[in-house]
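Trainee: Can we go through the aromatic rings in this one? Please keep it simple.
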Amino acid sequence: MITDQHHTCVGLGFELLRRLCGLEDRFPGIAGGLYLVSCEETIGDIASYVGGPPAADSGEKEHVLVCLKIEIGGRRGVLLLDPGYHVARVITVMADKLYPHTGWFTQSDEPGCKKEYNYFTCAQDPDYVEWHERETRPGGSERTQAALVYVARPYLTAIDVTERRNLVYNFRSLLARDTKGHVVAGVYFPVVLDLKNEQLFTVFYQTNHGKRRVKMPFFKFCSSPKISPDAEETTVISECARQLGLPKESLESLLSDLAAVMSDTSFVAQLLAINARINTLAEDN
(Lines give C-alpha, C1' and ligand atoms only; values in the text may rest on other atoms or scores of the structure.)
Protein backbone atom coordinates (compact mmCIF):
# COMPACT_ATOMS: atom_id res chain seq x y z
CA MET A 1 0.00 0.00 0.00
CA ILE A 2 1.05 3.66 -0.29
CA THR A 3 -0.07 4.55 3.24
CA ASP A 4 2.52 5.08 5.96
CA GLN A 5 4.30 1.84 6.94
CA HIS A 6 2.30 -0.17 4.36
CA HIS A 7 4.46 0.08 1.27
CA THR A 8 4.35 -1.87 -1.97
CA CYS A 9 6.90 -1.03 -4.67
CA VAL A 10 4.89 2.12 -5.45
CA GLY A 11 5.00 3.46 -1.92
CA LEU A 12 8.65 2.49 -1.54
CA GLY A 13 9.48 4.24 -4.79
CA PHE A 14 7.77 7.48 -3.72
CA GLU A 15 9.42 7.30 -0.31
CA LEU A 16 12.86 6.83 -1.88
CA LEU A 17 12.25 9.78 -4.21
CA ARG A 18 11.27 11.92 -1.22
CA ARG A 19 14.45 11.04 0.66
CA LEU A 20 16.76 11.43 -2.31
CA CYS A 21 15.38 14.88 -3.03
CA GLY A 22 16.96 15.87 0.29
CA LEU A 23 20.32 15.67 -1.50
CA GLU A 24 19.44 18.67 -3.68
CA ASP A 25 21.67 21.08 -1.76
CA ARG A 26 24.66 18.78 -2.12
CA PHE A 27 23.92 17.72 -5.70
CA PRO A 28 21.99 20.54 -7.39
CA GLY A 29 19.56 19.28 -10.03
CA ILE A 30 19.19 15.74 -8.68
CA ALA A 31 15.64 16.33 -7.45
CA GLY A 32 14.51 17.28 -10.93
CA GLY A 33 16.37 14.38 -12.55
CA LEU A 34 14.92 11.53 -10.50
CA TYR A 35 11.65 9.92 -11.58
CA LEU A 36 9.60 6.73 -11.33
CA VAL A 37 9.70 4.29 -14.24
CA SER A 38 7.36 1.41 -15.05
CA CYS A 39 8.26 -2.24 -15.42
CA GLU A 40 6.49 -5.07 -17.23
CA GLU A 41 7.52 -8.42 -15.81
CA THR A 42 7.72 -11.89 -17.38
CA ILE A 43 8.04 -10.83 -21.02
CA GLY A 44 7.77 -13.73 -23.44
CA ASP A 45 8.89 -11.97 -26.64
CA ILE A 46 10.92 -8.82 -26.12
CA ALA A 47 11.18 -7.96 -29.81
CA SER A 48 7.41 -7.85 -30.25
CA TYR A 49 6.87 -5.79 -27.09
CA VAL A 50 9.31 -2.94 -27.73
CA GLY A 51 9.17 -0.37 -30.51
CA GLY A 52 7.50 2.69 -29.06
CA PRO A 53 5.87 3.50 -25.71
CA PRO A 54 4.14 0.69 -23.77
CA ALA A 55 0.59 -0.10 -24.84
CA ALA A 56 -1.86 1.50 -22.43
CA ASP A 57 -4.60 -1.08 -22.98
CA SER A 58 -2.67 -4.33 -22.59
CA GLY A 59 0.21 -3.65 -20.21
CA GLU A 60 0.15 -5.02 -16.69
CA LYS A 61 2.80 -2.61 -15.33
CA GLU A 62 3.05 -4.48 -12.05
CA HIS A 63 6.29 -2.91 -10.82
CA VAL A 64 8.02 0.47 -10.53
CA LEU A 65 11.61 1.60 -9.99
CA VAL A 66 13.41 4.92 -9.48
CA CYS A 67 15.53 6.19 -12.39
CA LEU A 68 18.13 8.86 -13.09
CA LYS A 69 19.57 9.47 -16.56
CA ILE A 70 23.35 9.96 -16.62
CA GLU A 71 26.07 10.85 -19.13
CA ILE A 72 29.77 10.10 -18.63
CA GLY A 73 32.12 11.57 -21.21
CA GLY A 74 29.37 11.52 -23.83
CA ARG A 75 28.38 7.94 -22.94
CA ARG A 76 24.74 7.63 -21.96
CA GLY A 77 23.15 5.46 -19.32
CA VAL A 78 20.75 5.33 -16.41
CA LEU A 79 20.92 4.62 -12.71
CA LEU A 80 18.15 2.37 -11.42
CA LEU A 81 17.11 1.91 -7.81
CA ASP A 82 14.69 -0.86 -6.91
CA PRO A 83 13.41 -0.65 -3.33
CA GLY A 84 10.39 -2.77 -4.26
CA TYR A 85 12.54 -5.83 -4.93
CA HIS A 86 14.93 -4.74 -2.16
CA VAL A 87 17.97 -4.53 -4.44
CA ALA A 88 20.61 -3.21 -2.05
CA ARG A 89 22.68 -1.36 -4.64
CA VAL A 90 22.44 1.30 -7.30
CA ILE A 91 22.24 -0.43 -10.69
CA THR A 92 24.28 1.33 -13.36
CA VAL A 93 23.17 0.63 -16.93
CA MET A 94 25.51 2.05 -19.58
CA ALA A 95 24.35 1.81 -23.17
CA ASP A 96 27.77 0.52 -24.25
CA LYS A 97 27.95 -1.97 -21.31
CA LEU A 98 31.35 -0.59 -20.30
CA TYR A 99 32.50 0.63 -16.87
CA PRO A 100 30.74 1.51 -14.59
CA HIS A 101 28.08 -0.81 -16.04
CA THR A 102 26.91 -3.20 -13.29
CA GLY A 103 26.29 -6.40 -15.29
CA TRP A 104 25.37 -9.67 -13.57
CA PHE A 105 25.23 -9.66 -9.78
CA THR A 106 23.91 -11.96 -7.07
CA GLN A 107 20.70 -10.67 -5.54
CA SER A 108 20.32 -13.53 -3.05
CA ASP A 109 22.06 -16.83 -2.37
CA GLU A 110 20.22 -19.18 -0.03
CA PRO A 111 20.38 -22.99 0.32
CA GLY A 112 17.24 -23.46 -1.74
CA CYS A 113 17.84 -20.91 -4.48
CA LYS A 114 20.49 -18.56 -5.87
CA LYS A 115 19.03 -15.54 -7.65
CA GLU A 116 21.06 -13.35 -10.04
CA TYR A 117 20.05 -10.17 -11.89
CA ASN A 118 21.37 -8.44 -15.01
CA TYR A 119 20.26 -5.12 -16.55
CA PHE A 120 21.22 -3.71 -19.94
CA THR A 121 19.86 -1.37 -22.60
CA CYS A 122 17.53 -3.13 -25.03
CA ALA A 123 19.22 -3.52 -28.42
CA GLN A 124 15.93 -3.15 -30.34
CA ASP A 125 14.77 -0.03 -28.49
CA PRO A 126 17.05 2.05 -26.21
CA ASP A 127 13.99 3.48 -24.44
CA TYR A 128 13.83 0.16 -22.58
CA VAL A 129 16.16 -1.57 -20.14
CA GLU A 130 16.04 -5.36 -20.12
CA TRP A 131 16.07 -6.97 -16.68
CA HIS A 132 17.06 -10.64 -16.75
CA GLU A 133 16.67 -12.90 -13.73
CA ARG A 134 18.38 -16.29 -13.31
CA GLU A 135 17.40 -18.72 -10.56
CA THR A 136 19.60 -21.72 -9.83
CA ARG A 137 18.38 -24.45 -7.47
CA PRO A 138 20.09 -27.47 -5.92
CA GLY A 139 20.82 -30.09 -8.55
CA GLY A 140 21.67 -27.47 -11.16
CA SER A 141 18.14 -26.71 -12.38
CA GLU A 142 17.95 -23.22 -13.80
CA ARG A 143 15.06 -20.88 -14.59
CA THR A 144 15.34 -17.56 -16.41
CA GLN A 145 12.88 -14.79 -17.15
CA ALA A 146 12.99 -11.26 -18.51
CA ALA A 147 11.28 -7.98 -17.72
CA LEU A 148 11.32 -4.59 -19.42
CA VAL A 149 11.77 -1.21 -17.74
CA TYR A 150 10.58 1.79 -19.77
CA VAL A 151 13.06 4.59 -18.95
CA ALA A 152 12.30 7.14 -21.68
CA ARG A 153 10.04 9.25 -19.50
CA PRO A 154 8.41 9.34 -16.05
CA TYR A 155 5.64 6.91 -15.15
CA LEU A 156 2.67 9.06 -14.11
CA THR A 157 0.01 6.44 -13.34
CA ALA A 158 1.78 4.35 -10.70
CA ILE A 159 -1.11 4.66 -8.23
CA ASP A 160 -3.92 4.26 -10.76
CA VAL A 161 -2.35 1.24 -12.46
CA THR A 162 0.43 -0.49 -10.50
CA GLU A 163 -0.91 0.06 -7.00
CA ARG A 164 -4.37 -1.15 -8.00
CA ARG A 165 -2.90 -4.16 -9.76
CA ASN A 166 -0.98 -5.07 -6.59
CA LEU A 167 -4.22 -5.15 -4.59
CA VAL A 168 -5.50 -8.27 -6.35
CA TYR A 169 -2.40 -10.47 -6.54
CA ASN A 170 -3.08 -14.06 -5.54
CA PHE A 171 0.05 -14.23 -3.37
CA ARG A 172 0.55 -12.02 -0.35
CA SER A 173 3.50 -11.46 1.97
CA LEU A 174 4.78 -9.29 4.79
CA LEU A 175 8.57 -9.43 4.97
CA ALA A 176 11.49 -8.02 6.91
CA ARG A 177 14.87 -7.70 5.21
CA ASP A 178 18.35 -6.72 6.32
CA THR A 179 20.34 -3.83 4.86
CA LYS A 180 21.58 -6.03 2.01
CA GLY A 181 18.08 -6.99 0.93
CA HIS A 182 18.15 -10.51 2.39
CA VAL A 183 14.83 -11.81 3.72
CA VAL A 184 14.98 -12.30 7.49
CA ALA A 185 11.43 -12.98 8.67
CA GLY A 186 7.83 -12.72 7.60
CA VAL A 187 4.47 -14.19 6.71
CA TYR A 188 3.30 -15.31 3.28
CA PHE A 189 0.42 -17.24 1.73
CA PRO A 190 -1.34 -17.92 -1.56
CA VAL A 191 -4.85 -16.57 -1.92
CA VAL A 192 -7.00 -19.61 -2.70
CA LEU A 193 -10.70 -20.29 -2.67
CA ASP A 194 -11.28 -22.93 -0.01
CA LEU A 195 -14.89 -23.66 0.89
CA LYS A 196 -13.71 -25.75 3.85
CA ASN A 197 -11.89 -22.75 5.35
CA GLU A 198 -8.60 -24.66 5.63
CA GLN A 199 -6.27 -22.08 4.09
CA LEU A 200 -2.72 -22.05 5.42
CA PHE A 201 -0.10 -19.35 5.81
CA THR A 202 3.64 -19.71 6.44
CA VAL A 203 5.50 -17.95 9.23
CA PHE A 204 9.29 -17.86 9.13
CA TYR A 205 12.15 -16.23 10.99
CA GLN A 206 15.91 -16.43 11.32
CA THR A 207 17.58 -18.81 13.80
CA ASN A 208 21.20 -19.77 14.50
CA HIS A 209 20.71 -22.72 12.14
CA GLY A 210 19.05 -20.89 9.25
CA LYS A 211 15.42 -20.02 8.69
CA ARG A 212 12.63 -21.80 10.49
CA ARG A 213 9.33 -22.09 8.62
CA VAL A 214 6.01 -23.16 10.13
CA LYS A 215 2.65 -23.53 8.38
CA MET A 216 -0.46 -22.54 10.32
CA PRO A 217 -4.20 -22.56 9.52
CA PHE A 218 -5.95 -19.21 9.32
CA PHE A 219 -8.98 -20.51 11.20
CA LYS A 220 -7.00 -20.54 14.45
CA PHE A 221 -6.97 -16.76 14.29
CA CYS A 222 -10.66 -16.29 13.53
CA SER A 223 -12.61 -14.49 16.22
CA SER A 224 -15.30 -17.17 16.03
CA PRO A 225 -15.06 -20.02 16.62
CA LYS A 226 -12.01 -19.28 18.74
CA ILE A 227 -9.29 -21.96 18.61
CA SER A 228 -6.18 -20.61 20.26
CA PRO A 229 -2.74 -21.42 18.78
CA ASP A 230 -0.78 -23.94 20.81
CA ALA A 231 2.35 -23.05 22.80
CA GLU A 232 4.74 -23.74 19.90
CA GLU A 233 2.70 -21.66 17.46
CA THR A 234 2.57 -18.81 19.97
CA THR A 235 6.36 -18.91 20.31
CA VAL A 236 6.76 -18.86 16.52
CA ILE A 237 4.41 -15.87 16.17
CA SER A 238 6.24 -14.02 18.95
CA GLU A 239 9.69 -14.51 17.38
CA CYS A 240 8.47 -13.65 13.90
CA ALA A 241 6.85 -10.48 15.24
CA ARG A 242 10.07 -9.52 17.01
CA GLN A 243 12.12 -9.87 13.83
CA LEU A 244 9.46 -7.99 11.86
CA GLY A 245 9.75 -5.15 14.36
CA LEU A 246 6.13 -5.50 15.44
CA PRO A 247 4.48 -6.07 18.80
CA LYS A 248 3.20 -9.64 19.06
CA GLU A 249 -0.33 -8.29 19.49
CA SER A 250 -0.08 -6.34 16.22
CA LEU A 251 0.91 -9.41 14.23
CA GLU A 252 -1.85 -11.47 15.86
CA SER A 253 -4.36 -8.74 15.03
CA LEU A 254 -3.18 -8.69 11.42
CA LEU A 255 -3.52 -12.47 11.17
CA SER A 256 -7.01 -12.24 12.66
CA ASP A 257 -8.01 -9.68 10.02
CA LEU A 258 -6.54 -11.88 7.28
CA ALA A 259 -8.41 -14.89 8.63
CA ALA A 260 -11.67 -12.97 8.35
CA VAL A 261 -10.88 -11.94 4.77
CA MET A 262 -9.83 -15.43 3.69
CA SER A 263 -13.04 -16.91 5.12
CA ASP A 264 -15.12 -14.59 2.92
CA THR A 265 -15.49 -16.90 -0.08
CA SER A 266 -17.41 -14.33 -2.15
CA PHE A 267 -14.67 -11.74 -1.78
CA VAL A 268 -11.87 -14.23 -2.48
CA ALA A 269 -13.67 -15.47 -5.61
CA GLN A 270 -14.00 -11.92 -6.93
CA LEU A 271 -10.34 -11.14 -6.20
CA LEU A 272 -9.14 -14.26 -8.01
CA ALA A 273 -11.41 -13.53 -10.97
CA ILE A 274 -9.98 -10.01 -11.33
CA ASN A 275 -6.43 -11.32 -11.05
CA ALA A 276 -7.10 -13.97 -13.71
CA ARG A 277 -8.63 -11.34 -16.02
CA ILE A 278 -5.55 -9.12 -15.71
CA ASN A 279 -3.27 -12.08 -16.41
CA THR A 280 -5.28 -12.93 -19.51
CA LEU A 281 -5.18 -9.31 -20.70
CA ALA A 282 -1.39 -9.16 -20.43
CA GLU A 283 -0.46 -12.71 -21.41
CA ASP A 284 0.53 -11.76 -24.97
CA ASN A 285 3.17 -9.25 -23.83
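Trainee: Is Tyr128 buried or exposed?
Mentor: This is a predicted model. In it, Tyr128 has a relative accessible area of 0%, so Tyr128 is buried.
Trainee: And Tyr150, buried or exposed?
Mentor: Tyr150 counts as buried, because its relative accessibility is 6% and the cut-off for buried is under 20%.
Trainee: How are the rings of Tyr128 and Tyr150 placed, stacked or tilted?
Mentor: Tilted: their planes are at 55°. The ring centres are 5.0 Å apart. Stacked would need planes under 30 degrees apart.
Trainee: Where in the chain are Tyr128 and Tyr150?
Mentor: Tyr128 is in strand β9, and Tyr150 is in strand β10, which covers residues 142-150. The two are 22 residues apart, so the pair links distant parts of the chain.
Trainee: How many aromatic pairs are there by this rule?
Mentor: The count is 13 aromatic pairs. One of them is Tyr119 with Trp131: the centres are 5.5 Å apart and the planes are at 15°, so this pair is stacked.
Trainee: Which strands hold Tyr119 and Trp131?
Mentor: Tyr119 lies in strand β8, residues 113-121, and Trp131 in strand β9, residues 128-136. The pair therefore ties together parts that are 12 residues apart in sequence. Both residues are buried.
Trainee: New topic, charges. Which ring face does Lys97 lie over?
Mentor: That of Phe120, at 4.5 Å from the ring centre.
Trainee: What about Arg134?
Mentor: Arg134 lies over the face of Trp104, with 4.0 Å to the ring centre.

Technical notes. Residues numbered from 1 in each chain as written. Predicted model: local features only at pLDDT ≥ 70, side-chain atom pairs only at ≥ 80, totals over all residues. Heavy atoms only, no water. Phe/Tyr/Trp six-rings, centres within 6.5 Å; stacked < 30°, edge-to-face > 60°. Helix = DSSP H or I, 4+ residues; strand = E, 2+ residues; numbered from the N terminus. Buried < 20%, exposed > 50% of the residue type's maximum accessible area, 1.4 Å probe, protein only. Lys NZ or Arg CZ within 6 Å of the ring centre and 35° of its normal.
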